[in-house]
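Please find below some remarks on the structure. They proceed from the whole chain to individual residues.

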Amino acid sequence: MSARKRQAKSAETDRRNRSRNTTKSPWETILKYDRQCTKAFGLCATQNSALGQLRPLMKVLEISCHGVPWLIGTVIWFVCVHKPEDVELSVNLFLALIFDLVVVAVLKVLVQRPRPSNNQMDMFATVSIDNYSFPSGHTTRAAMLACFYIERVLINQLPMTLIVTWSACVSLSRVMLGRHYVLDVLSGCLIGVLEYIAYSQFWIPQDKCLLWLEPYFGHVHL
């Protein structure tokens with residue numbers, strides 16, 4: 001093989017290698033745009049961000065959908081109610097919240113996606129898995145709760161609209177605070193809806209709730 005042919009072959013090989021290195025997979029392209037969108041919408045990530053003055057409001061939304069207040073509130077609801085239908089709702093809500101925590105924890109451990117670089121780790125009552133970003137636990141919980149209340153609790157249109165609005169605001173706040181990537185939040189909405197659908201298949205009916213709880217809480221209100 002002549003020197004000229006060897007050079008031409010070497011140049012062709014280099015060109016193919018460069019092309020292979022610069023060609024990104026569809027998933028890498030999605031993640032690239034996800035990072036770009038997340039950076040653009042992180043308007044409250046710090047006090048110096050474009051909408052940094054709204055950061056306290058975003059943190060109120062964050063706490064409003066935190067798992068701890070919801071679990072404590074559900075237990076208080078259970079202790080205070082007297083109607084069998086309220087007992088059924090409070091028991092199932094508590095179990096649905098636990099189910100959401102388990103699902104999110106498993107996914108975070110499996111995926112282990114770091115949080116966005118502009119996130120400040122000043123979240124309320126966090127644990128080690130909260131260092132991971134996918135999926136957004138607040139978003140899964142907000143979506144699951146919206147489905148729960150619309151399907152099982154609320155009757156009038158106004159309260160339904162309010163809880164959907166709250167759920168959407170919580171989800172949006174996760175990106176604006178820089179806590180999560182856009183993909184984490186979009187996936188969290190879908191996961192939360194699927195959580196409610198899945199839990200509904202194992203819904204504990206009123207008679208079983210009363211039967212199981214009567215030996216322990218019958219003296220309280222059952």
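What percentage of the residues in the protein chain do buried residues make up? The points below begin with that matter.

1. The model is a predicted one. Of the 222 residues in the protein chain, 39% are buried. The chain exposes about 13,000 Å², and 66% of that area is supplied by carbon and sulfur atoms.

2. As to secondary structure, the protein chain contains 9 helices and 0 strands. Read from the N terminus, the order of elements is accordingly α-α-α-α-α-α-α-α-α. When contacts between residues at least 6 apart in sequence are considered, 73% join residues at least 24 apart.

3. The largest nonpolar core comprises 24 residues, and the members that touch the most others are Leu97, Leu145, Phe148, Tyr149 and Trp166. Two or more residues come from each of helix H3 (55–64), helix H4 (67–80), helix H5 (84–111), helix H6 (137–152), helix H7 (157–176) and H8. The greatest contribution is that of H6, which gives 6 residues. In soluble globular proteins, nonpolar side chains tend to be buried together.

4. Beyond its neighbours within four places in sequence, Leu145 is in contact with Trp70, Leu93, Leu97, Ile163 and Trp166. Another core, of 7 residues, lies apart from the largest one; its members include Val81, Val87, Val91 and Leu213.

5. Not counting residues up to four places away in sequence, Arg141 touches Cys65, His66, Gly67, Leu97, Asp100 and Leu101.

6. Is Leu186 buried or exposed? Leu186 is placed in helix H8 (residues 182–200). Its relative accessibility is 56%, over the 50% cut-off, so Leu186 counts as exposed. The C-alpha atoms of Leu186 and Ser136 are separated by 8.7 Å, although the two residues are 50 apart along the chain.

7. A last point concerns cysteine. How many disulfides does the structure hold? The number is 0. Cys44 counts as buried because its relative accessibility is 0%. Cys209 is likewise buried, with a relative accessible area of 1%.

Key
Residues are numbered from 1 along each chain as its sequence is written. This is a predicted model: local features need pLDDT of at least 70, side-chain atom pairs count only at pLDDT 80 or more; totals for chains, interfaces and linings use all residues. Side-chain values use heavy atoms; hydrogens and water are left out. Helices (H or I, at least four residues) and strands (E, at least two) are DSSP runs, numbered from the N terminus. Buried means under 20% relative accessible area, exposed over 50%, partly exposed in between (1.4 Å probe, protein chains only). A nonpolar core is a set of buried Ala, Val, Leu, Ile, Met, Phe, Trp, Tyr and Cys residues joined through side-chain atoms within 4.5 Å. Contact means heavy atoms within 4.5 Å. A disulfide is a pair of cysteine sulfur atoms within 2.5 Å. Accessible areas come from the Shrake-Rupley method with a 1.4 Å probe; for residues, only the protein chains shown count as cover.
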